[in-house]
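Me: I'm new to reading protein structures. Can we go through this one together, a few questions at a time?

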Amino acid sequence: MRDKMSGGERRFFRRGSSDSGCLSVPRVPSFNNFNDSLKNGFFNDIDISRNYGHGTIPVEGRESHTADLGEFDRYVEMMQREDRRGGYPSWGDVDDYNNYSDDNDSHKHHNDGDSDEEYFDSRFKGQESEEVSDDNDASKTNSETNSHSLEQFPFNAKFWAFVRSILAKAVDVGYQELPDSTATVAKGPKDADAFLSKVIAIGLLNPIQPATLAKEGGFDEMKVLAELLHATSVGLVAMRFAPECVQCGSEVMDTDMLGRLPARANCQGCHAPNVIDSLDKIKVMFCFNSDVLYVLAENYSCTPSQDSMAQTAVFAAVPATSTGSGFAYSVGTGEETEIAPALPSGRYRMHCPVAKTDNILVVKRDSVDADEPIKLTVKVSQLVYKHKRDSRKASLEVPHGKISFHILPDTRSFFVLWVQKDVDDKILFHLPQEERSVYTTATTVMHHPVFNTLFQEHQIVSAPTDVFLSISNVVLVFTDIVDSTKLYASVGDGDAFRLVRKHFQVLFGAFTRNGG
């Protein structure tokens, strides 16, 4: 979501699971802590499937929207070490990275006084223009064409320094979890602003929109796309295909294979029906694996229009926790922790596209000074909208507008306490074309030489198990006989037909001689 009331940009994003069959080379994650948690029954109460099954595995004690720069550096160094005419390291080589001792782990950290660009310059100096030796045996296994495709996009240290500088902002801001899944911690406007500021700061990377990232960083989109495709190959990021919603402009759904996209689907954020029939209307995005950027969220961003944000009465972030414990915000209490004034009587819409919730809030009357705040405890799972014909939006009712919201993110998804006037969906959910951001399309990606080199042998289009569909370059030739109608009239049908047939014989002969 983008908050245009404050002049800033607020975006909240879904973290696609990096272990869910995305287009990336498989990696071996470390599950030691996860297995220990299973033995202790830590995750027994988690029902990720109730929210469409896309959530990142929760990590005990770790705040959502945080990054591990050491893990990021490890993947970048993996890409830097390989010339782009050869293959990537064997997974035995990758294991060598994991086995580095803490005493010799200099590749994971840099001096606090160094900027990210200085840090990368010191480690990767000259990599962008370094000549590749012709005696590299591994590179000789690639075709001359593929080698050239990779060589024209050398390792870009400045780009990864830019990415790292953004990731460095994904730090703890004080939203710690509690062991009790029914407990909440009171938060105020300063807390909410701190978390939202963090989300905004890393918005370019969560998820990564190549066209937007290129524009903000001053890079060429094709070069950015090349780096992200290489990053996909080593498992740093996962590539996702997502149709643009005709109504809200967000992602209707997402998948790792184009062929898995249906012909029609309802948007998981705004529920609008969509026809999916054009590669130019399908976004290509990249999500960091959760070891690098840990985000508990179920869906991608929804970008509200200026008209929609004008309907907002309450807006605050509720980050997810591994235990399901939550956070509390108050309105109309007059205390320092109040995030908004009391809600006037009326009917409101509570909608969070990130957690896929949509419900009604009814305030029966205006509050008076003598009223005590109403404690409203809400489990996010109770508000998830299922998109079924017989579904009804959950309705919450309070006697007056002084409310203490106690939100329990039991679906382990980032949730936005977003209360708006209950106006027409076309106002709340429609994003005009002029307010939409540019994005990299599936057409652009499928014509990128690095994509065709790295992924031409990968099945990105669904097919029966006994059929393997691959990507290849083809040449289509269109020919036309000028004034063919007049030709038939002037020389007669028989002679004209023989000329046309001769025309095709010449063409097909040329195709055959050239391997067509």
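Me: Is Phe451 buried or exposed, and what is its relative accessible area?

Reply: Keep in mind that we're looking at a predicted model. Buried means under 20% relative accessible area. Phe451 falls under that cut-off, so it's buried, with a relative accessible area of 0%.

Me: Which kind of aromatic pair do Phe451 and Phe455 form?

Reply: Both residues lie in helix 13 (residues 449–455), four residues apart, which is about one turn of the helix. Phe455 counts as buried because its relative accessibility is 2%. The ring centres are 5.5 Å apart, with 45 degrees between the planes. Planes under 30 degrees apart would be stacked and over 60 edge-to-face, so this pair is tilted.

Me: What about Phe504 and Phe508, which kind of pair do they form?

Reply: These two are four residues apart in helix 15 (residues 493–513), so about one helical turn separates them. Phe504 counts as partly exposed, at 38% relative accessibility. The rings sit 6.0 Å apart, centre to centre, with 20 degrees between the planes. Planes under 30 degrees apart count as stacked, so the pair is stacked.

Me: How are helix 2 and helix 9 turned relative to each other?

Reply: Two packed helices are described by the angle and the distance between their axes. For helix 2 (residues 69–81) and helix 9 (residues 221–234), the axes come within 10 Å and cross at roughly 105 degrees. Angles of 65 to 115 degrees count as roughly perpendicular. That's why these helices are described as roughly perpendicular.

Me: How many nonpolar residues are in the contact of helix 2 with helix 9?

Reply: Helix 2 brings Tyr75, Met78 and Met79, while helix 9 brings Glu227, His230, Ala231 and Val234. Sorted by class, one residue is polar and one is charged. The nonpolar residues number five.

Me: Which strands are the edge strands of the open sheet?

Reply: The sheet has five strands in the order 8-16-11-12-14, with mixed pairing. An edge strand pairs on one side only. That makes the edge strands strand 8 (312–318) and strand 14 (394–400).

Me: How many bridges join strand 11 to strand 12?

Reply: Strand 11 covers residues 346–352 and strand 12 covers residues 357–365, and they run antiparallel. Arg347 stands opposite Val362 in strand 12. The number of bridges joining the two strands is seven.

Me: How far apart in space are Lys364 and Pro399, C-alpha to C-alpha?

Reply: Lys364 lies in strand 12, and it counts as exposed because its relative accessibility is 57%. Leaving out residues up to four places away in sequence, Lys364 touches Ser345, Glu397, Val398 and Pro399. Lys364 and Pro399 are 35 residues apart in sequence, yet their C-alpha distance is 5.0 Å.

Me: And what separates the C-alpha atoms of Ile374 and Phe405?

Reply: Ile374 is in strand 13 (residues 374–379) and is partly exposed, at 23% relative accessible area. Beyond four places in sequence, its contacts include Val398, Pro399 and Ser404. Ile374 and Phe405 are 31 residues apart along the chain, and the separation of their C-alpha atoms is 8.3 Å.

Definitions and conventions: Residues are numbered from 1 along each chain as its sequence is written. This is a predicted model: local features need pLDDT of at least 70, side-chain atom pairs count only at pLDDT 80 or more; totals for chains, interfaces and linings use all residues. Side-chain values use heavy atoms; hydrogens and water are left out. Two strands pair if DSSP finds at least two bridges between them. Axes are lines fitted to C-alpha atoms, for helices over the stretch in contact, and angles run from 0 to 180 degrees between N-to-C directions. Angles under 35 degrees count as roughly parallel, over 145 as roughly antiparallel, 65 to 115 as roughly perpendicular and the rest as oblique. Contact means heavy atoms within 4.5 Å. Ala, Val, Leu, Ile, Met, Phe, Trp, Tyr, Cys and Pro count as nonpolar, Asp, Glu, Lys and Arg as charged, and the others, Gly among them, as polar. Buried means under 20% relative accessible area, exposed over 50%, partly exposed in between (1.4 Å probe, protein chains only). Rings of Phe, Tyr and Trp (its six-membered ring) pair if their centres lie within 6.5 Å; planes under 30 degrees apart count as stacked, over 60 as edge-to-face and the rest as tilted.
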